[in-house]
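Reader: I would like to learn how to read a model of this kind. Please take me through it feature by feature.

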Amino acid sequence: MVTAFLKVGEEEPPSRLAYDNRVQPSPVAHLDGNAHRSFEEGLFWQALPAYGQLSADEFLSYRFQIKNTLSNSTPIATQKLLDFVRENAGDAFAQDVLLGLARAPMSVQITPYTLSRMDWKNPYTCPVRTQFLPLGSRLHVDHPMLTLDSLGEKADSPVPGLVHRYYDRVLFLPQSTCPVYCRFCTRSYAIGQDTQQVVKYKLEATPAAWKKAFAYIAEHPEVEDVVLSGGDFYNVAPPHVQYIGEALLNIEHVKRIRIATKGLAVNPSRILYDPAWTQAVINVANQARSRFKQVFIHTHINSAQEMTWVTRDALKVFAENGVVVRNQSVLLRGVNDTFEAMSMLVKRLGACSIQPYYVYQHDLVQGVEDLRTSLATTLQLEKQLRGVTAGFNTPTFVVDAPGGGGKRVAWSYDYYDRPTGISIFSAPSVKPGKHFFYFDPLHTLEPEVQAQWSDPAAQNVMFENALSHLHL
Ligand code: SF4
């Protein structure tokens, strides 16, 4: 095997690997006639038999969305989910979903809004289905270096529900549920219900546990930033939103709060139809402003198909109240890994006054190899995307360095070897002196290299070879 090494800044040679052919230069594709501004209007959910008679007030009410969320939490719930799938995509597809459920590390939970955004005529290629419903026929063999806690969060957790990795920032996880469960969740070890494959680590998510987190933050004057995630902060009850927000703002050195939620992607009508949560967030943001502090919402939209007039109108509420919303996407194969899909997403986010902030390289989590891309795909996409829109509305492509190195800009790797799929990053201001490895998925490597990854001795040779190219 001929090995080609790339140094930082070196131009990438033309790929000899077929998997990257999907990302091709497309110089006019972003001149899309402004299609990104055309949000789907009207009663789009009525295309599905289950929602065919429902008015906007009925379908979009928060109560309806909660009550009719489909899941596999019990055998009866699973049957309901499969019946819905069968009705819209046929028996063979439903069987494929059943096989996928048996092997998935994440439980399934999908809101009616999200179900209505799926293309049930083309369910195998639908970018929304791909994110939430596993298919047995599409799963790939895991890379041997995958884990369930690839970011090493448990190791950086000084008190339950709090991750302190960066000097001046903490991640606070006040609860462990979400309105939907994403197949690719980076916290597969803790989020959602136990599955046939994974017994979940139980996050302590009670007001008593929150007090321990507040006390830790108060005792650490270096902490200026708190990210509220989970689980999803959308599932925190409005009085608790206010309580947590005020408790954090009362700590003098906390200057910024980021609220991470997928709610705007999967159940945006809550903002319009159940104002208590929104009002609580706006109240906290107003209090922050009056104290010369900031509150942001960080949402998680991965495909333009998720966004409709409901999303646009929900976003107007935050814009009118001065709450800045940013988006963090995950780069997902078959969802947003082409120039056309990513540029449409980025421009549609901009059309909703959402700032596209990050695109994450998919973490090294188990059970979802069909969704991961190579680092090479990320680098090509980043290069193509830059220039499509204003720089401040162009996302930064990052790798969350496995093992706790934090976010590194994708092209800042110290070493990347395309044939073995090994890339190495360092994080001098987070974990000085350490190196962090990322691995391209096996299905993007040549067959003989795939075979080497199943042999521990050959793995060691590949690691040593990679490390020998670093200037240590
Ligand atoms: S909403 Fe976020 S925390 Fe919840 S399953 Fe999806 S990625 Fe994980």
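Author: Start with the surface of the chain, which exposes about 19,200 Å², with carbon and sulfur atoms supplying 55% of that area. Keep in mind throughout that this is a predicted model.

Reader: How many helices and strands does the chain have?

Author: The secondary structure comes to 16 helices and 15 strands.

Reader: What share of the residues counts as buried?

Author: Burial is read from relative accessible area, and under 20% counts as buried. By that cut-off, 58% of the 472 residues of the chain are buried.

Reader: And what do the contacts say about how the chain comes back on itself?

Author: Look at sequence separation. Among contacts between residues at least 6 apart in sequence, 76% join residues at least 24 apart.

Reader: Next, helix packing. At what angle do α3 and α4 cross?

Author: For a pair of helices, read the distance between axes, the angle, the handedness and then the residues in contact. Helix α3 covers residues 75–89 and helix α4 residues 91–103; their axes come within 7 Å and cross at roughly 145 degrees. The crossing of α3 past α4 is right-handed. On the α3 side, the contact is made by T78, L81, L82, V85, R86 and A89. On the α4 side, D91, F93, A94, V97, L98 and L101 take part. Sorted by class, this contact has 9 nonpolar, 1 polar and 2 charged residues.

Reader: Which residues are around the ligand?

Author: List the shell, then sort it by class. Around the ligand are M106, C178, V180, Y181, C182, C185, G231, K262 and H300. That shell divides into 6 nonpolar, 2 polar and 1 charged.

Reader: Why is helix α14 described as largely enclosed by the rest of the structure?

Author: Count the buried residues along the helix. In α14 (residues 375–385), 9 of the 11 residues are buried, so the helix is largely enclosed by the rest of the structure. The buried residues are L375, A376, T377, T378, L379, L381, E382, Q384 and L385. Among the elements that cover them are α13 (339–351), β11 (396–401), β13 (415–417) and β14 (422–426). Just after α14, G387 has a positive phi of about 110 degrees.

Reader: Are F292 and S353 buried or exposed?

Author: The cut-off for exposed is over 50% relative accessible area. F292 has 79%, so it is exposed. S353 has a relative accessibility of 52% and therefore counts as exposed.

Reader: Where is C352, and what does it touch?

Author: C352 is also placed in the loop between α13 and β10. Its relative accessibility is 5%, so C352 counts as buried, whereas S353 is exposed. Leaving aside residues up to four places away in sequence, C352 touches F39, M307, R312 and L315.

Reader: What is the relative accessible area of V365?

Author: V365 is in the loop between β10 and α14. Its relative accessible area is 0%, so V365 is buried. R187 is 178 residues from V365 in sequence, while their C-alpha atoms are 8.6 Å apart.

Note on methods. Residues are numbered from 1 along each chain as its sequence is written. This is a predicted model: local features need pLDDT of at least 70, side-chain atom pairs count only at pLDDT 80 or more; totals for chains, interfaces and linings use all residues. Side-chain values use heavy atoms; hydrogens and water are left out. Axes are lines fitted to C-alpha atoms, for helices over the stretch in contact, and angles run from 0 to 180 degrees between N-to-C directions. Helices (H or I, at least four residues) and strands (E, at least two) are DSSP runs, numbered from the N terminus. A crossing is left-handed if the near helix is turned anticlockwise from the far one by less than a right angle, and right-handed if clockwise. Contact means heavy atoms within 4.5 Å. Ala, Val, Leu, Ile, Met, Phe, Trp, Tyr, Cys and Pro count as nonpolar, Asp, Glu, Lys and Arg as charged, and the others, Gly among them, as polar. A residue is near a molecule or strand if one of its heavy atoms lies within 4 Å of it. Buried means under 20% relative accessible area, exposed over 50%, partly exposed in between (1.4 Å probe, protein chains only). Accessible areas come from the Shrake-Rupley method with a 1.4 Å probe; for residues, only the protein chains shown count as cover.
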